[in-house]
Amino acid sequence: MKRRHAGWLFPGLLALLLGCAPDEQVVPHAGIERVEVLPAEKTIVTGEKFELEVRAYTNQGRLVEDVQPTFESSAPEVAFVSQDGVVEGLRPGSATIFAEVSGKRGSMKLQVRDPVRRVEIRPDPVEMLTEEEIQLEAIAYDEHGKPVEGRTFTWRVENTRVAEVDESGVLRSKRREEETQVFARTGDIEGSARVIVRKRVASIEITPKNPEVREGKTVKLTATVRDDGGVPIERPVEWSSADPEVATIDENGELFGVRPGETEVSASSGGMTATVPVKVLPKRVHRVEVDPDYAELVVGETLQYTVRLYGEDGEELFDRPLRWEISEIGARDDRYARTAATVDETGLLRARRPIDGKLTVTVEGDAVSGEAEFRIVLRMQAVSAGVHHTCGLAGEAAWCWGRNEAGETGRSDLSSDDLPAPVDTGELDLRFRVVAAGHRHSCGLTERGEAWCWGDNERGQLGIGMLGGRHHTPQKVVSVVGAEGFAALFVGADYSCGLNDLGEAFCWGRNDAGQLGVGHHEDSPVPVRVASAVDGTEVKFRTLSLGKNPIGTSEVPWDPEVPEIQHNITCGISLDGDAYCWGKNEIHAAGIGAGPSPLYSAQPVKVAGGVQFASISVGRTHVCALTDEGQAYCWGTGSVGELGDGQSGSGQYRLAPHPVLTEARYAHVAAGDEFNFALTAEGALDFWGRMLIPGSTGSALEPSVVPYRVAEDERWVFTNVSSGRGHFCGVDDEGVIWCWGWNSNQQLALNSALLFVTEPTPVFPETPADHFK
């Protein structure tokens, strides 16, 4: 409440001047004649508050200050006034507010109204099916269009035979198909919404039930809509096609065939949908031509076929669904054919394995087809012989065959297989330029110099940063400084090595014999730079050869007079042609080629003798190398003549390279367990040492302490030769792979039970279909 100060100062001063006694009382409220309440009139909404201002005047019209009025409402249920002069509207109505001072009263007129000016119902209109329930919402708005919170509503329906509504606004339709209105009221304000109730659609029937239409033609479909009593009712129908590229349908049910095929059309109304299958029949195909009708491919290549279709009148037809099938000529079933070649829906054939095959292209539904024949041969540009398996490079794909106990051939089926198959690269798009096979793992080198390995990882030989596990799909070797990319890749028994563009060597995997050459004997799951030679020389290499002795295993019983050497060494040729070796030299005949010591060398040791070499091959306990002129040298153990120096016996060894006793000059030398093969540039194959037959003490070839000619064939002019532990492979200039030696794990891919062969034999013959029957 607003108050005014009393005008008592002037009367007091007058009394003093008149000589009044000092203790006489001054009555400031004396003479109040009129009380005024402001505002005199006001209109508010319920819940609104405001403060009164009270003014008191004397009979002279002077304002009296500091008055203490009392207040009263004529209708306390409409408006409440506090003794502080604060008024609050409680409900719509009229009231008079009184203020009294010293027996004098003033008043003001108050009008309280409801703040709601409009009620809206949502949704509006309300569209319902019979016997359906919908929750309605009522919203009250004030004169400014703002929602008024906290209002309650009463609900009613105009025609309760159509629908009814409860106190919470839940509207329930009945079985009548009719329109009505629903109302929501708060205070004196009421809103309404239109209610439309329709019968529920129970079913839709499309006729005909299995329509067929020719390409470019139309067929009329009808849809009958029924209620739950089976009575047809008039309802709008919406038509649709599941595949407009096959058939379309308009709003009138006109079905149009776009192209041959099958799809579905649907009719929808009132929340129900009916669907029928549609078949679009093409113009009949009379003749199918496949081009080319004969082709020869190499494994890894692709061939794009073209198919032309003709009608009975010679018109060329297009856009027909075709079925592409591959079969093997003369075979009883197509199981092998499905792995030998694939063809996609565009006619792109991919050659995967050798086969004499036939492609059949059939026009679906017309029982007419065309044929073409093809031959796929296996051609590889490189081959790598491992301990019990072999890998080759066909185009940019790695292929492997033989033992697969740890996934080393890149197949998920861990069993031996004499059918070469591409390494499973999963979703990876790997394009290899080098492939290398070891003991229980293999590696490949991509065009970008990335190394990828697969198989066993017990000793970290996959180079993936951890020890353990098996992977039948390629895993990327960890990149380290200096080995971000490799120019060459080599794989041995449980370890791997690579050379960068500078000739720097990096190795990873098993290292108990120091075969990594990194200065210690700990396994490494990542590439580590090969250390300097023991004399401090920083060696850069042109090539490496890794030992392939499976430590602690033996495929054949060795001569009891020869100790079982549990070791592996690594050798390489420097850029200057010097030979270096490192690893375990448990007896001085183990092959390091630098005298009787050290027993171990975890760093490269320069091979004694000062001979310059072009290539080198590490055997079981000996090493052989070739000079630029093709002269062969060997060193290490020579107990069964494997050094080719004319000597044998349990104590025979060479501490440094010694010339092999032969006038022949070789293009390739391959050292095995206790034997060697060497090939001349003209394709002559020489042998020396002893080649034990697996599972016996007999020799597959006549043992010899000097080379002798096994066989000679002008086809054995190989561009690439690789030595495994007991088998060897080469590639000729036409890309045919030839292998010989042990075949106990199908590593020669002969599709034969032979345990060994003594001369190069093609992995696949020229007529592979005959080979596999």
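Does alanine 138 count as buried or exposed, and at what relative accessibility is the answer reached? At 16% relative accessibility, alanine 138 counts as buried, where buried means under 20% relative accessible area, exposed means over 50%, and partly exposed lies in between (1.4 Å probe, protein chains only). The structure is a predicted model, in which local features need pLDDT of at least 70 and side-chain atom pairs count only at pLDDT 80 or more, while totals for chains, interfaces and linings use all residues. Residues are numbered from 1 along each chain as its sequence is written, and side-chain values use heavy atoms, with hydrogens and water left out.

With that in hand, the whole chain can be considered. Three helices and 66 strands make up the list of such elements in the protein chain; helices (H or I, at least four residues) and strands (E, at least two) are DSSP runs, numbered from the N terminus. The radius of gyration is 51 Å, well over the 28 Å that the globule rule gives for 773 residues, so the protein chain is more spread out than a compact globule. Here the radius is taken over C-alpha atoms, and the globule rule is 2.2 Å times the number of residues to the power 0.38. Along the principal axes, the C-alpha atoms fill a box of roughly 160 × 100 × 40 Å.

Of the 773 residues, 51% count as buried. The accessible surface of the protein chain comes to about 35,000 Å², and 47% of this belongs to carbon and sulfur atoms; such areas come from the Shrake-Rupley method with a 1.4 Å probe, and for residues only the protein chains shown count as cover. Contact means heavy atoms within 4.5 Å. Among contacts between residues at least 6 apart in sequence, 53% join residues at least 24 apart.

The domain assignment, which is automatic or from a database, gives domain 1 (34-112), domain 2 (118-198), domain 3 (201-281), domain 4 (287-377) and domain 5 (383-553 + 563-761). The centres of domain 2 and domain 3, taken over C-alpha atoms, are separated by 38 Å.

Now back to the opening residue. Alanine 138 has its place in strand E14 (residues 137-141). Valine 119 is 19 residues away from alanine 138 in sequence, and 6.7 Å away in space, C-alpha to C-alpha. Leaving aside neighbours within four places in sequence, alanine 138 is in contact with Glu120, Phe153, Trp155 and Ala184.

Serine 266 is 60 residues from isoleucine 206 along the chain, yet their C-alpha atoms are separated by 8.5 Å. Beyond the neighbours within four places in sequence, the contacts of isoleucine 206 include Leu221, Trp239, Val265 and Ser266.

Backbone angles deserve a look as well. Most residues other than glycine have a negative phi, and most peptide bonds are trans. A cis peptide bond, with omega about 5 degrees, joins aspartate 124 and proline 125, and proline 125 is found in the loop between strand E11 (118-122) and strand E12 (126-129). Threonine 207 and proline 208 are also joined by a cis peptide bond, with omega about -5 degrees; proline 208 is found in the loop between E20 and strand E21 (212-214).

Aspartate 66 has a positive phi of about 60 degrees although it is not a glycine. The loop between strand E5 (63-64) and strand E6 (70-73) holds aspartate 66, which is partly exposed, with a relative accessible area of 47%. For glutamine 746, phi is near 65 degrees, a positive value in a residue other than glycine. Glutamine 746 is found in the loop between strand E65 (737-742) and strand E66 (756-762) and counts as partly exposed at 21% relative accessibility.

Finally, where does threonine 719 have its place? Threonine 719 is in strand E63 (residues 718-723), and at 52% relative accessibility it counts as exposed. The C-alpha atoms of threonine 719 and aspartate 413, which are 306 residues apart along the chain, are separated by 32 Å. Leaving aside neighbours within four places in sequence, threonine 719 is in contact with His668, Val731, Asp732 and Asp733.
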